[in-house]
Amino acid sequence: MIIRNANIIDIENIANLYITNWKNTYSELLPQDFLDSLTVNSAIYKWSNYLNSENNKLFVAYDENTFLGFVASKVDDEDAHWWYLDSLHVNKNSRGHGVGTKLIYEVGKYALTNNYKSMSICIVCGNDNAGNLYKKLGATHYKYFVDDFGGTKSNSQKLVWRDLSIFK
């Protein structure tokens with residue numbers, strides 16, 4: 001497996017995986033009309049802009065020519081000393097093989113190397129698979145809050161890795 005910085009050639013893979021995973025992962029957690037409104041074109045726009053922002057980091061994972069997943073990260077909006085793991089998506093067929101863990105470690109190493117104090121992530125309450133993975137890798141509960149996805153509200157949780165040395 002190779003993990004590298006994303007580039008414009010990766011955007012279509014990123015957008016397709018993002019939409020597929022949102023529609024599958026959140027089918028029981030978010031309103032169906034919201035999920036139905038998500039389109040690959042809007043995701044291409046979103047991730048192209050994300051990639052072009054110099055303050056964001058977007059990594060992709062491939063096994064030869066097979067796209068396995070991606071992770072997006074940026075400075076935390078709540079604390080400029082924290083690095084925020086914004087989005088993590090792994091292809092369904094690649095789950096359980098360490099892809100997500102390796103992508104999280106890539107972001108954690110970036111945060112550590114760039115002298116951030118902590119790393120955070122927000123998850124929709126009920127997304128237990130994600131929450132369990134993050135906790136297994138050292139994240140701890142920080143707070144509960146109501147998130148807003150373009151007018152769609154969800155009960156969410158913020159987790160924090162306070163000791164980034166685990167990502168060495």
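Helices and strands are DSSP runs, numbered from the N terminus. The structure described here is a predicted model.

In this model, 7 strands form an open sheet with mixed pairing, and their order across the sheet is β1-β2-β3-β4-β5-β7-β6. Strands β1 (2-5) and β6 (140-149) are the edge strands, each of them pairing on one side only. From one strand to the next, the twist averages 30°. Strand β4 (residues 82-90) and strand β5 (residues 118-124) run parallel and are joined by 4 bridges. Within β5, M119 is the bridge partner of W83.

Helix α3, made up of residues 40-52, lies across β2 (57-63), β3 (66-75) and β4, and runs at about 60° to β3. Helix α5, made up of residues 128-136, lies across β4, β5 and β7 (152-161), and runs at about 15° to β7.

The loop between β2 and β3 contains E64. This residue has a positive phi of about 55°, although E64 is not a glycine. E64 counts as exposed because its relative accessibility is 72%. A positive phi, of about 65°, is also found at N115, again not a glycine. N115 is placed in the loop between α4 and β5. With a relative accessible area of 68%, N115 is exposed.

The largest pocket has a volume of about 1,400 Å³. Its lining consists of 50 residues, of which Y26, L88, H89, N127 and Y134 are the closest to the pocket centre. Two or more lining residues come from each of the helices α1 (11-25), α3, α4 (99-113) and α5, and likewise from each of the strands β4, β5, β6 and β7.

Cysteine sulfurs were also considered. A disulfide is a covalent bond between the sulfur atoms of two cysteines. With a cut-off of 2.5 Å between the sulfur atoms, the count comes to 0 disulfides. The closest cysteine sulfur to that of C122 belongs to C125 and is 10 Å away, so the separation is too far for a bond. C125 is likewise in no disulfide, as the nearest cysteine sulfur to its own is that of C122. C125 is partly exposed, because its relative accessible area is 28%, a value that falls between the limits of 20% for buried and 50% for exposed.

How values were computed:
Residues numbered from 1 in each chain as written. Predicted model: local features only at pLDDT ≥ 70, side-chain atom pairs only at ≥ 80, totals over all residues. Heavy atoms only, no water. Buried < 20%, exposed > 50% of the residue type's maximum accessible area, 1.4 Å probe, protein only. Pairing = 2+ DSSP bridges. Axes fitted to C-alpha atoms, helices over the stretch in contact; angles between N-to-C directions. Contact = heavy atoms within 4.5 Å. 1 Å grid on protein atoms, 1.4 Å probe; cavity = no way out; pocket = protein on both sides within 12 Å on 5 of 7 lines; lining within 4 Å. Points joined across faces, edges and corners; volume = space filled by probe spheres on them.
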